[in-house]
Amino acid sequence: MSKTRVLTGITTSGTPHLGNYVGAIRPAIAASRVAQTESFYFLADYHSLIKAQDPARTQRSTLEIAAAWLACGLEPDKVWFYRQSDIPEIPELTWLLTCVAGKGILNRAHAYKAAVDKNRAEGEDDDAGISAGLFMYPVLMAADILLFNAHRVPVGRDQVQHIEMARNFGQRFNHIYGHEHFVLPEAVVDDNVATLPGLDGRKMSKSYDNTIPLFAPRAELKKLIAGILTDSRAPGEPKDTEGSALFQLYQAFATHEQTAAFALAFSEGIAWGDAKQRLFECIDAEVSPLREKYEALMARPGEIEAILRDGAARLRAACAAPALLRLREAVGLRDLSQVAVAGDAGKAKKGSDAALPMFKQYRDADGKFYFKLVQGERVLLQSAGFDSPRDAGVRIAAIKHGTLDADQPDFVLGEGVHSDEVNAALEAFVAAQLEGSKQP
Ligand code: TRP
């Protein structure tokens, strides 16, 4: 059974705060441990350039956010963890999608429209100060998602429109190029995840300047918590949990029992100073082991760089590069030497209708591992010997996901077989697999 692919993009701006942790990092890492999902987490650093244009801060923020996710338990050998700008296939696909994306749809994007409305309100030209990057943001985001055929994309409400657009662009592409090239993604909005209040009681957000950094040192954490806005009730006076930022923060980190006990303390008139001390201890208990890991990681940025590069390299080989090969082929950016001669093309088509091609793996007398691609009785492709079944499997996966690269020396075509025929067979194979993966 094929796994559900869940993909999350993390914009690399700012320093991670408790709101990011409770609202995004913690639930996403928990979700990555669910069986039958294949998780993709990436640092959306191209996206961040649309707003942040201070190179040193962009670099710093990327490092901090990568370190935060790793410190919080993301396992880079179990999930795909990578940096958007390490995958050149993303901007390449962005262009292919740009050419099918309706400009009228982009005109309606909330972020772009808000910027235009603001200009109008201020009597400016509609597009004053608006970059093409802001306008194209949804196309880049669609490429992030469609490249990996993600099924589900957990996002906040503000991002749902972007997922709708990704579906729209993917569908248009599928329609124009006559094939299920892309899975159409679903937005997943989790209403159970708490939005954390900030120091002033409004939603914790960088734009309100009311955040508590996730990895603030203990003394700073304590000081910030002491500054949380409360009412002026004296010690001994009963206090409301309803609408109390302090209480909501506590709840996000405490067990049910602890929360119940805290509510009782409120009704019994706990002093705000004591309540803050309890909140501090509760948050620190969860964060302090993570903070240690974070600090260790931040002291070795080279390791984070290596983890990200490794993730991107593996993902490119396994998915991105083969996908772009297929997509380039689909739109006609093709190898000119492979132009089908009329007779050959006809033959290939007939072949692909006849029987689905299959890969067969076996070990030969020389102890090496081989595979062949067969269609009915015909051998379309014969591999050379591999040292391990895994090596052979990897090669098969690459062939399945891509088109045939006739320059690869590790297999030969079957007798009298033309590479166009193999490509057609592979296309049928991939189409059949896509068809299969759509079944629930
Ligand atoms: N736009 C998203 C945000 O601001 C970040 C993002 C970029 C993203 N590419 C994505 C999210 C792809 C999900 C999928 O939160």
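Predicted model: local features only at pLDDT ≥ 70, side-chain atom pairs only at ≥ 80, totals over all residues.
Visitor: Why are helices α4 and α13 called roughly parallel?

Guide: The axes of α4 (residues 89–98) and α13 (residues 301–331) cross at roughly 25°. Angles under 35 degrees count as roughly parallel, and therefore α4 and α13 are described that way. Their crossing is left-handed.

Visitor: Which residues make the contact between α4 and α13?

Guide: From α4 come E89, E92, L93 and L96, and they meet R316, A320, A321, L324, L327, R328 and V331 of α13. By class, that contact has seven nonpolar, four charged and no polar residues.

Visitor: What makes R316 and E89 a salt bridge?

Guide: Their closest N and O atoms are 2.9 Å apart, and the cut-off is within 4 Å, so the pair qualifies. R316 sits in α13 and E89 in α4, 227 residues apart.

Visitor: How do you know whether E89 is buried or exposed?

Guide: Buried means under 20% relative accessible area. E89 has 6% relative accessibility, so E89 counts as buried. R316, with a relative accessible area of 31%, is partly exposed.

Visitor: Why is R83 called buried?

Guide: Because the limit for buried is under 20%, R83 counts as buried at 11% relative accessibility. E305 is partly exposed, at 25%.

Methods. Residues numbered from 1 in each chain as written. Heavy atoms only, no water. Axes fitted to C-alpha atoms, helices over the stretch in contact; angles between N-to-C directions. Helix = DSSP H or I, 4+ residues; strand = E, 2+ residues; numbered from the N terminus. Parallel < 35°, antiparallel > 145°, perpendicular 65-115°, else oblique. Left-handed = near helix turned anticlockwise from the far one by under 90°. Contact = heavy atoms within 4.5 Å. Nonpolar A, V, L, I, M, F, W, Y, C, P; charged D, E, K, R; others polar. Buried < 20%, exposed > 50% of the residue type's maximum accessible area, 1.4 Å probe, protein only. Salt bridge = Lys/Arg side-chain N within 4 Å of Asp/Glu carboxyl O.
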